[in-house]
Amino acid sequence: MTVNSSLSETLLSKIADRSAHAGVIGLGYVGLPLAITVARSGFTVTGFDIDPQKIVAIDAGRSYIEAVPDAVLATETAEGRFRATTDFQALAACDVIVICVPTPLTKHRDPDLSFITKTCDRIAETLKPGQLIVLESTTYPGTTDEVVRPILERTGLKSTRDFFLGFSPEREDPGNRDFHTSSIPKVVAGDGEAASGLMAAFYGAVVQSVVPVSSPATAEAVKLTENIFRAVNIALVNELKVVYEAMGIDIWEVIDAAKTKPFGYMPFYPGPGLGGHCIPIDPFYLTWKSREYELPTRFIELAGEINSAMPRHVVGRLAEALDIHLGKALSRSRVLVIGLAYKKNVPDIRESPSLKLIELIEERGGSAAYHDPHVAEIPRTREYMALKGRTSVPLEEQLVKGFDAVLIATDHDAVDYAALARWSPLIIDTRNAFARRGIEEGTILKA
């Protein structure tokens with residue numbers, strides 16, 4: 001197919017002088033930071049989302065994403081570089097459109113691409129020659145070519161001839177204060193030479209470093225590889241934790257000593273289970289795709305099994321500790337779970353193991369409450385509807401003393417661990433939060 005060089009040259013020129021209008025679809029943990037970063041780079045940006053509450057918050061200068069401070073959001077809005085809308089017809093005015101929508105799993109752990117396909121349907125309604133369409137949502141290799149392109153080409157416009165298509169995996173890390181959207185190297189790939197050049201030019205104008213790869217499928221594989229690496233290594237230390245626990249060996253002490261080796265070792269840490277969008281979900285996009293080639297992904301699937309088993313292991317340890325130390329059954333116990341977010345110092349509860357821990361405790365007849373300085377109330381979730389509306393309890397002495405055990409699920413820095421050690425008769429620590437702070441008083445057990 002002949003590349004329309006005039007279209008690509010026109011868009012390259014608009015990117016170079018910052019006159020290109022960018023659209024970002026999906027204003028969540030990936031989309032909003034990206035939109036603001038693009039705006040701060042000098043482009044005019046329109047953000048799109050189906051949730052009107054997000055638009056209301058943005059219009060009021062209130063950010064719901066920690067990585068985007070209110071002052072920064074308000075500045076970009078006031079300067080006219082960023083606005084948000086639910087009107088997808090405004091996509092017609094965009095030169096570059098970036099898709100940052102969720103890619104969850106179904107109940108059977110198959111990829112759910114419904115957000116991507118519906119978004120592409122909306123883009124197709126206003127697709128015009130010369131636009132660059134970029135997918136950032138994490139997915140299996142081949143999605144850009146096999147799913148996104150066919151939907152857009154139903155319009156009669158063709159990729160490489162009429163519009164340009166690319167993939168660039170998101171690399172956001174909520175709560176990480178050392179790296180931001182603009183400072184994280186960006187892997188980019190396009191469908192054809194012209195699209196590749198446009199991808200490098202656009203992201204090169206927005207972030208400090210771009211890493212071009214040969215194809216969208218390769219870029220899609222890069223993201224999966226990064227997250228599978230983490231999932232497998234976390235599963236390894238989770239399994240070692242259980243084995244060493246039986247031997248009376250502290251896995252945390254082992255890791256601290258092992259990481260002093262200056263080569264050939266990288267520390268990963270155990271926990272009560274995996275959370276966030278990336279690690280619990282993304283590896284299964286590859287296991288699903290690999291079935292097409294009749295190739296097993298035993299390592300990935302085994303890692304998933306081990307990590308998924310951790311919440312039950314923790315609750316088992318909790319029940320055992322209640323019996324041994326307090327002579328009380330879990331079914332007659334009240335448990336305070338510390339931390340609802342999936343990682344420390346963030347309000348993100350996506351796939352959080354804390355939700356599963358609460359569910360398992362109550363399945364066994366116990367009563368569970370939670371405290372989280374970053375999550376005041378449990379919002380609606382697809383898997384834990386029964387927990388919706390529960391609120392974080394305050395950390396007060398008499399209240400904490402009313403619980404039989406405290407379970408540390410997330411080690412937020414804003415928690416007073418010394419007070420918890422004084423007030424609680426039994427603590428199950430899945431994050432090594434007390435030992436790291438030199439706190440040894442009270443009955444503190446690791447799990």
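This is a predicted model: local features need pLDDT of at least 70, side-chain atom pairs count only at pLDDT 80 or more; totals for chains, interfaces and linings use all residues.

Biologist: Which element holds K186?

Modeller: K186 lies in strand β7, residues 186–190.

Biologist: What does K186 touch, not counting residues up to four places away in sequence?

Modeller: Its contacts include E136, E170 and R171. S168, P169, Y203, V207, S209, V210 and V211 are also touched by K186.

Biologist: Let us step back to the whole protein. How many helices and strands does the protein have?

Modeller: There are 16 helices and 13 strands. The radius of gyration is 24 Å, close to the 22 Å that the globule rule gives for 447 residues, so the protein is as compact as a globular protein of that length. Its C-alpha trace spans about 75 × 50 × 40 Å along the principal axes.

Biologist: What share of the residues is buried?

Modeller: Buried residues make up 52% of the 447. Now take contacts between residues at least 6 apart in sequence: 69% of them join residues at least 24 apart.

Biologist: And the surface and the charges?

Modeller: The accessible surface comes to about 19500 Å², and 53% of that belongs to carbon and sulfur atoms. The protein has 47 positive and 57 negative charges, and their mean positions are 2 Å apart.

Biologist: How do I read a nonpolar core?

Modeller: In soluble globular proteins, nonpolar side chains tend to be buried together. Here the largest nonpolar core has 41 residues. I25, I123, I133 and L152 have the most contacts inside this core. Helix α8 gives the most to the core, with five residues.

Biologist: What is I123 in contact with, leaving aside its neighbours within four places in sequence?

Modeller: I123 is in contact with I25, L91, I97, I99, I133 and L152.

Biologist: Is helix α11 largely enclosed or exposed?

Modeller: Count its buried residues. Six of the eight residues of α11 (283–290) are buried, so the helix is largely enclosed by the rest of the structure. The buried ones are P283, F284, Y285, T287, K289 and S290. Their cover includes α6 (143–153), α8 (216–247), α10 (278–281) and α12 (298–326).

Biologist: Next, backbone angles. Which residue other than glycine has a positive phi near 60°?

Modeller: N432 does. N432 is in the loop between β12 (427–429) and α16 (433–436). With a relative accessible area of 4%, N432 is buried. N345 also has a positive phi, about 65°, although N345 is not a glycine.

Biologist: Where is N345 found?

Modeller: N345 is in the loop between β9 (334–338) and α13 (353–363). Its relative accessible area is 17%, so N345 is buried.

Biologist: Last, A447. Is A447 buried or exposed?

Modeller: A447 is in the segment after β13 (444–446). At 2% relative accessibility, A447 counts as buried.

Biologist: What does A447 touch, not counting residues up to four places away in sequence?

Modeller: A447 touches K241, E245, R317, I428, D429 and T430.

Biologist: How many Å separate the C-alpha atoms of A447 and V222?

Modeller: They are separated by 33 Å. Along the chain, A447 and V222 are 225 residues apart.

Methods. Residues are numbered from 1 along each chain as its sequence is written. Side-chain values use heavy atoms; hydrogens and water are left out. Helices (H or I, at least four residues) and strands (E, at least two) are DSSP runs, numbered from the N terminus. The radius of gyration is taken over C-alpha atoms; the globule rule is 2.2 Å times the number of residues to the power 0.38. Buried means under 20% relative accessible area, exposed over 50%, partly exposed in between (1.4 Å probe, protein chains only). Contact means heavy atoms within 4.5 Å. Accessible areas come from the Shrake-Rupley method with a 1.4 Å probe; for residues, only the protein chains shown count as cover. Lys and Arg count as positive and Asp and Glu as negative; His and the chain ends are not counted. The place of a charge is taken as NZ of Lys, CZ of Arg, CG of Asp or CD of Glu. A nonpolar core is a set of buried Ala, Val, Leu, Ile, Met, Phe, Trp, Tyr and Cys residues joined through side-chain atoms within 4.5 Å.
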